[in-house]
Amino acid sequence: MIVLAPMAGICNSDFAVKLIPYGFDTVTLGGFNIDKPTIIAGKKIIQRGRKEFDIPEDQIYDFIESESLKVKENYPDVKVSINLRSINPDEIIKMSKIDSVDIVEINSHCRQEELQKINCGQAMLKRDDLEDYIKEVVRKSHAKVSVKMRANVEGVDDIAISKLIENCGCDYLHVDAMNPGVFSADLNLIKRISENVNIFLIGNNSINSLENARAMLDAGASAFSIGRAALKGKLDFNLNDL
C-alpha cells in the first residue's frame, strides 16, 4: 500500500490523478473541513495566507462525492481515502456513505492553531472523548476507518494512543512521524509503535526518496505515505521501482 497523503487545499482529484502513475495505489483527498466549526476555522486559516479547502457546509458532501468519483473514473482500482476534520463523528459517518469512498480518515494530525482551539487536528489526541468518538465512527461507518495522528505531541503518549486506535477497531493507523527539531522521520517511534500494535500501520514524514521509503518499511510500517515530496505535482523518483 502506497498512499498519497492529504495536503489541505492541494490534494484534490486533479492533483491525485497526476500523481497516481508514480506508483500510488491509494490516494487521500483533503483534508476537508466538514462541519460548521471546522469550516469557520478553515476560513481563518485562509485569512492569514495558508492554502485551505473552502467548501460551504451545504456543498461539502456533493463536492467530496464528485472528487472521489473523478479518481475512480480514471483509476477504478485505486482506493480513495478522505481526510476529514469534524468536531463530532456524525459528519464523518455521513461522508462514509459515499460509494466512491473506500476509507474515511479522522484527522488528528493538523497543527494549525485555529483547529486546535476547537479541539480538532492534533488536539483530538488530548480529547477525553477520543475513544468514544472513534468507536462511533467505526461502528457506523460504511467505509474502512483510518486515524491519522501526529507523533511526538507534547503531553500525548504515542503508544497508548496507538493502542487505543487499534482497540477501537480501526482498519488503519496513519502516523505522521514528525520529530521536532529534526528534519527526518522518527523511525524509532515507528518501530516502537509497530512492536506494540498489530493494526495496519502507515508511516508518514520525510519520504522524499526510495531509500527513505524502504527505511520506513524496515522500521516496521506496513505501508507508507508521501505528502510534501509531491507538492510540485510530481515525484523525483518512481515508486514502481520499489
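**Reading contacts and burial**

Analyst: Isoleucine 92 is in contact with Ile34, Leu84, Ser86, Val104, Ile106, Tyr133 and Val137, leaving aside its neighbours within four places in sequence. Contact means heavy atoms within 4.5 Å. This is a predicted model: local features need pLDDT of at least 70, side-chain atom pairs count only at pLDDT 80 or more, and totals for chains, interfaces and linings use all residues. Residues are numbered from 1 along each chain as its sequence is written, and side-chain values use heavy atoms, with hydrogens and water left out.

User: Where does isoleucine 92 lie, and does isoleucine 92 count as buried or exposed?

Analyst: Helices (H or I, at least four residues) and strands (E, at least two) are DSSP runs, numbered from the N terminus. Isoleucine 92 lies in helix H4, residues 90-95. Buried means under 20% relative accessible area, exposed over 50%, and partly exposed in between, with a 1.4 Å probe and protein chains only. Isoleucine 92 counts as buried because its relative accessibility is 0%.

User: How far apart are isoleucine 92 and aspartate 35 in sequence and in space?

Analyst: They are 57 residues apart in sequence and 9.3 Å apart in space, C-alpha to C-alpha. For the protein, among contacts between residues at least 6 apart in sequence, 67% join residues at least 24 apart.

User: How many disulfides does the structure hold?

Analyst: A disulfide is a covalent bond between the sulfur atoms of two cysteines. Here a pair of cysteine sulfur atoms within 2.5 Å is required. The structure holds zero disulfides. For cysteine 120, the nearest cysteine sulfur is that of cysteine 110, 9.5 Å away. Cysteine 120 counts as buried because its relative accessibility is 1%. For cysteine 168, the nearest cysteine sulfur is that of cysteine 170, 6.0 Å away.

User: What does the secondary structure of the protein come to, and what percentage of its residues is buried?

Analyst: The secondary structure comes to nine helices and eight strands. Buried residues make up 55% of the 242 residues. Along its principal axes, the C-alpha trace spans about 45 × 40 × 35 Å.
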